[in-house]
Amino acid sequence: MAQTNPMPAGTWKITVYDQEHFQGKHMDFTSSCKNIMECGIDNVRSLKVECGAWMGYEHSNFCGQQFILERGDYPRWEAWSGSNAYHIERLISFRPICCSNHKESNILIFERENFIGRQWEISDDYPSLQAMGWPNNEIGSMKVQKGAWVCYQYPGYRGYQYLLESDRHGGEYKHYLEWGSHAHTFQVQSLRRVQQ
């Protein structure tokens with residue numbers, strides 16, 4: 001069932017539908033949902049984010065592939081998956097993302113795990129890290145100093161998505177396994193700030 005969130009009411013709102021194109025049974029949420037099936041919906045097939053930023057997950061309890069959900073309409077799974085390469089039509093759990101003004105966001109990326117090697121401080125969106133001077137397509141570790149960031153496996157904000165937040169893990173992600181339950185590679189080639 002939906003859980004209580006410590007933020008003020010009205011900060012977040014999402015409407016989920018059990019059919020594509022905003023059809024069928026629907027429910028509004030203003031806080032986290034660990035398992036949409038416990039609410040009588042077997043899968044989210046479309047959704048509308050009316051307020052705040054959210055993270056959707058392939059499985060219950062915020063596990064599996066992650067999908068960033070910012071304000072707007074998502075009529076089918078392709079709209080939130082970011083890539084047809086990963087045919088995942090499941091969205092079972094979701095939660096609000098607590099983040100500051102995205103213009104104040106800041107992250108340090110490191111060449112190797114445990115914050116070792118070359119580092120780069122970033123405060124803007126980068127559709128291709130390599131094109132902007134990062135020497136390879138891998139990042140070993142990251143420190144989120146402010147805000148929330150979405151890292152993508154490929155340039156142009158494509159491929160697997162990983163949400164990194166300043167208020168989780170103390171903002172420190174010393175190894176790719178800490179990026180999410182589905183993380184399986186150091187490969188990150190683009191990243192951007194989460195917008196409320």
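Phe 62 counts as partly exposed, at 22% relative accessibility. Here, buried means under 20% relative accessible area, exposed over 50%, and partly exposed in between (1.4 Å probe, protein chains only). Phe 62 sits in the loop between β4 (54–59) and β5. Its phi is positive, about 60°, although Phe 62 is not a glycine. Helices (H or I, at least four residues) and strands (E, at least two) are DSSP runs, numbered from the N terminus.

Phe 22 lies in the loop between β1 and β2. Phi of Phe 22 is near 60°, again a positive value in a residue other than glycine. With a relative accessible area of 22%, Phe 22 is partly exposed.

## Basis of the model

This is a predicted model, in which local features need pLDDT of at least 70, side-chain atom pairs count only at pLDDT 80 or more, and totals for chains, interfaces and linings use all residues. Residues are numbered from 1 along each chain as its sequence is written, and side-chain values use heavy atoms, with hydrogens and water left out.

## Chain overview

The protein chain holds 1 helix and 14 strands. Of its 196 residues, 49% are buried. The accessible surface comes to about 9000 Å², and carbon and sulfur atoms hold 45% of that. Accessible areas come from the Shrake-Rupley method with a 1.4 Å probe; for residues, only the protein chains shown count as cover.

Contact means heavy atoms within 4.5 Å. Among contacts with a separation of 6 or more, 67% link residues 24 or more positions apart.

## Annotated spans

The unreviewed UniProt entry carries the annotation "domain: Beta/gamma crystallin 'Greek key'" for residues 12–51, 52–98, 105–146 and 147–195. UniProt positions are given in the numbering used here, feature names are shortened, and annotations may be inferred rather than shown by experiment. In the model, residues 12–51 are 0% helix and 50% strand. The end C-alpha atoms of that span lie 5 Å apart.

## Sheet β2-β1-β3-β6

Four strands form an open antiparallel sheet in the order β2-β1-β3-β6. Two strands pair if DSSP finds at least two bridges between them. The edges are β2 (23–29) and β6 (72–74), each pairing on one side only. Twist averages 15° from one strand to the next. That angle uses axes that are lines fitted to C-alpha atoms, for helices over the stretch in contact, and runs from 0 to 180 degrees between N-to-C directions.

Inside this sheet, β1 and β3 run antiparallel and share 5 bridges. Lys 13 has Cys 51 as its bridge partner in β3.

Another open sheet has 4 strands in the order β9-β8-β10-β13, with antiparallel pairing. Its edge strands are β9 (116–122) and β13 (172–173). Strand β8 (residues 106–112) runs antiparallel to β10, and 5 bridges join them. Asn 106 has Lys 146 as its bridge partner in β10.

Gln 145 belongs to strand β10 (residues 141–146). At 42% relative accessibility, Gln 145 is partly exposed. Residues up to four places away aside, Gln 145 touches Asn 106, Ile 107, Leu 108, Glu 121 and Ser 166. Its C-alpha atom is separated by 9.0 Å from that of Asp 167, 22 residues apart along the chain.

## Strand β11 and its partners

Strand β11 (residues 148–154) is mostly covered, with 6 of its 7 residues buried. It runs antiparallel to β12 (residues 158–165), and 6 bridges join the two. Trp 149 has Leu 164 as its bridge partner in β12. The hairpin of these strands has 3 residues between them, and Gly 156 there takes a positive phi near 75°.

β11 also pairs with β14 (residues 190–193), antiparallel, over 4 bridges. Cys 151 has Leu 191 as its bridge partner in β14.

## Nonpolar cores

A nonpolar core is a set of buried Ala, Val, Leu, Ile, Met, Phe, Trp, Tyr and Cys residues joined through side-chain atoms within 4.5 Å. The largest has 21 residues; Ile 36, Leu 47 and Phe 94 have the most contacts inside it. At least two residues of this core come from each of β1 (13–19), β3 (46–51), β5 (63–69) and α1 (77–81). Apart from this core lies another, of 20 residues, including Val 144, Trp 149, Tyr 162 and Val 188.

Ile 36 is in contact with Val 16, Phe 29, Ile 41, Asn 43, Val 44, Leu 91, Ile 92 and Phe 94, leaving aside neighbours within four places in sequence.
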